[in-house]
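The sequence and the model come first, and the description follows.

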Amino acid sequence: MIFKNKKIGLLTVLGIAEQSTYRLETRTKCWVSKCQCGSKVIKTNVDLKEAEQRGIKEHCGCLHKSKYDSLAGLKFFSVTAIIRTLPITDNAGKKKATYFCKCDCGYEFNRDAANLLGHIKNPCPKCP
Ligand SMILES: [Zn+2]
Ligand SMILES: [Zn+2]
């Protein structure tokens, strides 16, 4: 299934999200999409396929207006949240809003939004 340049809900699919670039821990094909609000988000093939078939209004999270949904571009100490990525599932099976982050030290990793917001020190695991 090729989603490139397709419009699904508020999202326009830009291209494939390389697993190595975004530290994705999945074998599923993923796509980088741009939302109408300007934020980018990573979605799986399955997400987009389901949204297209069922006419779901996909968005980057901006329609939820939760404090966890618009962190892309913000900086937490030396760590910048780059793009919203696939949600991390916690021990209780709850999906958490997650961002692909890059630290000024060069280290890249995925962190859930609550962790970024709640940190009292630099969230980068490589920085002291
Ligand atoms: Zn949006
Ligand atoms: Zn760092």
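A residue counts as buried if 20 or more other C-beta atoms lie within 10 Å of its own, as exposed if 12 or fewer do, and as partly exposed in between. Phe77 has 15 other C-beta atoms within 10 Å, so Phe77 is partly exposed. The model is a predicted one.

Phe77 sits in the loop that links strand S5 (75-76) to strand S6 (79-89). Its phi is positive, about 55 degrees, although Phe77 is not a glycine. Most residues other than glycine have a negative phi. The position of Asn5 is in the segment before S1. Asn5 is exposed, because 9 other C-beta atoms lie within 10 Å.

**Strand pairs**

Strand S1 (residues 7-8) and strand S2 (residues 11-16) run antiparallel and are joined by 2 bridges. Ile8 has Leu11 in S2 as its bridge partner. The two strands form a hairpin with 2 residues between them, and Gly9 in the turn has a positive phi of about 60 degrees. S2 also pairs with strand S3 (residues 30-35), in the antiparallel sense and over 5 bridges. In this pairing, Ile16 stands opposite Trp31 in S3.

Strand S7 (residues 95-103) pairs with strand S8 (residues 108-112), again in the antiparallel sense, over 5 bridges. The bridge partner of Cys101 is Phe109 in S8. S7 and S8 form a hairpin with 4 residues between them, and Gly106 in its turn has a positive phi of about 105 degrees.

| Residue | Other C-beta atoms within 10 Å | Class |
|---|---|---|
| Asn5 | 9 atoms | exposed |
| Phe77 | 15 atoms | partly exposed |
| Asp104 | 13 atoms | partly exposed |
| His119 | 14 atoms | partly exposed |

**Contacts across the sequence**

Where is Asp104 found? Asp104 belongs to the loop between S7 and S8. Asp104 and Thr80 are 24 residues apart in sequence, and their C-alpha atoms are 8.0 Å apart in space. With 13 other C-beta atoms within 10 Å, Asp104 is partly exposed.

His119 lies in the segment after helix H3 (113-118). Its C-alpha atom is separated by 8.2 Å from that of Phe76, a residue 43 positions away along the chain. His119 is partly exposed, because 14 other C-beta atoms lie within 10 Å.

How values were computed: Residues numbered from 1 in each chain as written. Chains lettered and ligands numbered in written order. Predicted model: local features only at pLDDT ≥ 70, side-chain atom pairs only at ≥ 80, totals over all residues. Pairing = 2+ DSSP bridges.
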